[in-house]
Amino acid sequence: MRARRPPGRHRRAGQERQVTYREVIAVREFRALWYGQGLSLLGDQLAQVALAVLVYDRTGSPLATAAVYALTYLPGIVGGPLLAGLADRFARRGVMLACDLLRAVLVGVMAVPGVPFWALCALVFLVVLLSAPFSAARAALLPEVLEGDAYVMGSALQNMTNQAVQMLGFAAGGALIATMGPYRALALDAATFLGSALILVSGVRRRPAAQPDGAKPSMWTMTKGGARLVFGSRKLRTLVLFAWLCGFYILPEGLAAPYAAALHTGALPVPVITGLLMAAMPAGTVVGAFLFSRFVSPPRRLRLMGWMAMLSCAPLIVTAIRPPLAVVLAAWVLSGIGGAYQLAANAAFVQSVPPERRAQAFGLVQSGLMTVQGIGILVGGFAAERLGPEPVVALAGIAGVISAAVLAMVWTESRDKAARVSAQATA
């Protein structure tokens, strides 16, 4: 019997058709990557809540709790550029398995009662640090499993699942921890890493390293080469800036608590309003990813990318008039729908990066993404203390729309130029 080809592989770019979710889910290796990612992420959301409860219970310090949470950003910023290249030097499935097993051990140690606070911080740092090569390997492996529009559909499915799992994990995390305690919750997180490793072993086939055995440059050399690749090309640079645009429309989530206090009228408790605000954009993202991937053709996605990017920021401007909660929620959901343009940007980026450099490129983009988000939320919080959350969110929307409009013009010019060159080469 002939091996089944992943959908999209047998078609040329000009003949590409839209692939269905059913076809994507039918690919065994994609299911393994999808299930493993969802399982691990669910455990991570539970662990974040458990860790916050554990640290605050042991120290009684909001600063210590915030410091441990901040540690979840720093390793990704540092580890992305330096460690992502491991997924190009070595077999990507092997990198993912090693990261899963190491994280299972580290989180298992965190679940032992009595671990000193300094050791807990070090373990958190290492666990998040290992996420960089794992995520880079998974991101680089997915285009080998799914090609063409199938890759976009698979990315959309993973994105929707990730958003749904995050909402479920945060919503159910408190109740589970109240029932089982933070230490058992951390032990459960360790088990999810083991489960992810088992799924990868059974569902993803072995592949050789992306780089030949003789080509093993140093990590520093690979990092510099990746930076030149990503930022030396105008097309790739534009796509990266489209990805980093999320720093503007993610900022409101960091101001959800003070915004909820400003919206409080007595009808709903402040924590409930905070939860609704934090869930609004992820809910919009799920809807947008489904509609954009399912009902918009692949060529049209690229044409709509700039408009969708502007849509991701424009609704935030309405907060300048201090509307009621229902209007704010609708605006933030609409912003999340606009964020679906990231699917098209991601697919175009993948197609433009050589397979043997893909993990390093993804690592650099992801590191920058975390940096932009962290800085955006930090600056937004600083400004909100002086101006209030409503004008800061509106200013972020204005700055985001302007940036998106500039990127849209650059992208359109670049795409038209590429089309002319292709037409001349064909003639």
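Tutor: In what follows, a residue is called buried when its relative accessible area is under 20%, exposed when it is over 50%, and partly exposed in between, with a 1.4 Å probe and protein chains only. This is a predicted model, in which local features need pLDDT of at least 70 and side-chain atom pairs count only at pLDDT 80 or more, while totals for chains, interfaces and linings use all residues. Residues are numbered from 1 along each chain as its sequence is written, and side-chain values use heavy atoms, with hydrogens and water left out.

The part to look at is helix 6, which spans residues 92–110 and includes L101; helices here are DSSP runs of H or I with at least four residues, numbered from the N terminus. L101 has a relative accessible area of 44%, so it counts as partly exposed. Contact means heavy atoms within 4.5 Å, and L101, leaving aside neighbours within four places in sequence, is in contact with L194 and A197. From C-alpha to C-alpha, L101 is 6.7 Å from F193, although the two are 92 residues apart in sequence.

Helix 6 also packs against helix 8 (residues 131–145), with an angle of about 145 degrees and axes 9 Å apart. The axes are lines fitted to C-alpha atoms, for helices over the stretch in contact, and the angles run from 0 to 180 degrees between N-to-C directions. Helix 6 contributes R92, V95, M96, C99, D100 and R103 to this contact, and helix 8 contributes S131, P133, F134, A137, R138, A140, L141 and E144. By class, the contact residues divide into eight nonpolar, one polar and five charged, where Ala, Val, Leu, Ile, Met, Phe, Trp, Tyr, Cys and Pro count as nonpolar, Asp, Glu, Lys and Arg as charged, and the others, Gly among them, as polar. The crossing of helix 6 past helix 8 is left-handed, a term for the case in which the near helix is turned anticlockwise from the far one by less than a right angle.

L176, in helix 9 (residues 149–180), is partly exposed because its relative accessible area is 37%, and it touches L46 and G181, not counting residues up to four places away in sequence. In helix 11 (residues 219–232) lies G226, which is buried at 2% relative accessibility and, leaving aside neighbours within four places in sequence, is in contact with R357, Q360 and L364. T274 belongs to helix 15 (residues 270–295) and is buried at 14% relative accessibility; with neighbours within four places in sequence left aside, its contacts are A256, A257 and A260.

R322 sits in the loop between helix 16 (298–313) and helix 17 (325–338), and its relative accessible area of 53% makes it exposed. R322 has a positive phi of about 55 degrees although it is not a glycine. Most residues other than glycine have a negative phi.

Methods. Helices (H or I, at least four residues) and strands (E, at least two) are DSSP runs, numbered from the N terminus.
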